[in-house]
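Subject: Structure handover

Dear colleague,

Please find the structure below. My notes on it follow.

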Amino acid sequence: MIVLVTGASSGFGEAIARRFVAGGARVIAAARRSERLQALAADLGPALLPLTLDMRERSALTALPHSLPPEWREIDVLVNNAGLALGTELAQHASLDEWETMIQTNCFGLAALTHTLLPQMVARGSGLVINLGSVAGSYPYPGGNVYGASKAFVDQFTLNLRADLVGTGVRATNIAPGLCGGTEFSNVRMRGDDAAAAKVYQGTQPLSAEDIAETAWWIANLPPHVNINKIEMMPVCQGFGAFNIKREV
Ligand code: NDP
Ligand code: 8X3
């Protein structure tokens, strides 16, 4: 099994790469920070191929798989994991540049890479696209705005892939996690304010990257007639908020 994992330089992507290599797969590990990928390759050996890739660079995405060594080109599983949230400001105070980065990475990059790799999967009559969505794609919260909307795109894109792929043997899944610690997600979202990032997880037992990796491994190893459309995961300590109502006093 050849697996392309985006965002493999940290968090879920790194854990997914480790889990699939441990299970006997060959993994193409993609991200911008090549030194992280080189370290992962040094750790995991020849079953891991590091690939420097910016999900905002359309031409780099469409050049795949031809830019890979020939023996790595038949990709069985695409894990569209690279993504980010930037900021927690309300929409009326948010940065338009940050909105653009989230939409480019979480939506366009994910769609473009899928578009590039789907024809070879369809031609072979098998393949799997695992997209990393979020509970933020289903449930709104203050400050979620474009991040939540980008993950709603991931949810609906996955379902529409399913609609288009019926009869091809190619599968598609949205893994939608809630609070998950031990990754760089909140450090990035808080723009490097590590104390603010740590507070997000204070007093909780969040999901771990390994929980997500195990789920991805399970999905990829189900019998070929089984498609998990969406799997939503939360730590037991997380629940739902009440509707926010502004009352006149
Ligand atoms: P991390 O910040 O630890 O990992 C994000 C990964 O995405 C990094 O490897 C980063 O690599 C990569 N990435 C970001 N921008 C780009 C880009 N332009 N081009 C290529 N790679 C990029 O976060 P997580 O592991 O926690 O998150 C992974 C995914 O899971 C994201 O899509 C996130 O939205 C989603 N998610 C996370 C949750 C959480 O609570 N942690 C919960 C629900 C969903 P590099 O910087 O080297 O390019
Ligand atoms: C990450 C989960 O709740 O921070 O997608 O939006 S949340």
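How far is an oxygen atom of ligand 2 from an N or O atom in the side chain of Tyr 141? The separation between these atoms of ligand 2 and Tyr 141 is 2.6 Å, which is a polar contact (a pair of N or O atoms within 3.5 Å). The protein covers 80% of the 240 Å² of accessible area (Shrake-Rupley method, 1.4 Å probe) that ligand 2 has on its own.

This is a predicted model, where local features need pLDDT of at least 70, side-chain atom pairs count only at pLDDT 80 or more, and totals for chains, interfaces and linings use all residues. Residues are numbered from 1 along each chain as its sequence is written, chains are lettered from A and ligands numbered from 1 in the order in which they are written, and side-chain values use heavy atoms, without hydrogens and water.

Ligand 2

Around ligand 2 are Ser 134, Ala 136, Tyr 141, Tyr 147, Phe 185 and Arg 189, each with a heavy atom within 4 Å of the ligand. By class, this shell has four nonpolar residues, one polar and one charged; Tyr and Phe count as nonpolar here. An N or O atom in the side chain of Ser 134 is 2.6 Å from an oxygen atom of ligand 2, and a polar side-chain atom of Tyr 147 also lies 2.6 Å from a ligand 2 oxygen.

Gly 181

Gly 181 sits in the loop between strand S6 (170-177) and helix H6 (185-189); helices (H or I, at least four residues) and strands (E, at least two) are DSSP runs numbered from the N terminus. Gly 181 counts as buried because its relative accessibility is 11%, the limit being under 20% (1.4 Å probe, protein chains only). Beyond four places in sequence, Gly 181 touches Tyr 201, Pro 206, Leu 207, Ser 208 and Ala 209, with contact meaning heavy atoms within 4.5 Å. Ala 209 is 28 residues from Gly 181 along the chain, with 7.4 Å between their C-alpha atoms.

Regards

Key:
Buried means under 20% relative accessible area, exposed over 50%, partly exposed in between (1.4 Å probe, protein chains only). A polar contact is a pair of N or O atoms within 3.5 Å; within protein, one must be able to donate a hydrogen and the other to accept it, and residues adjacent in sequence count only if both atoms are side-chain atoms.
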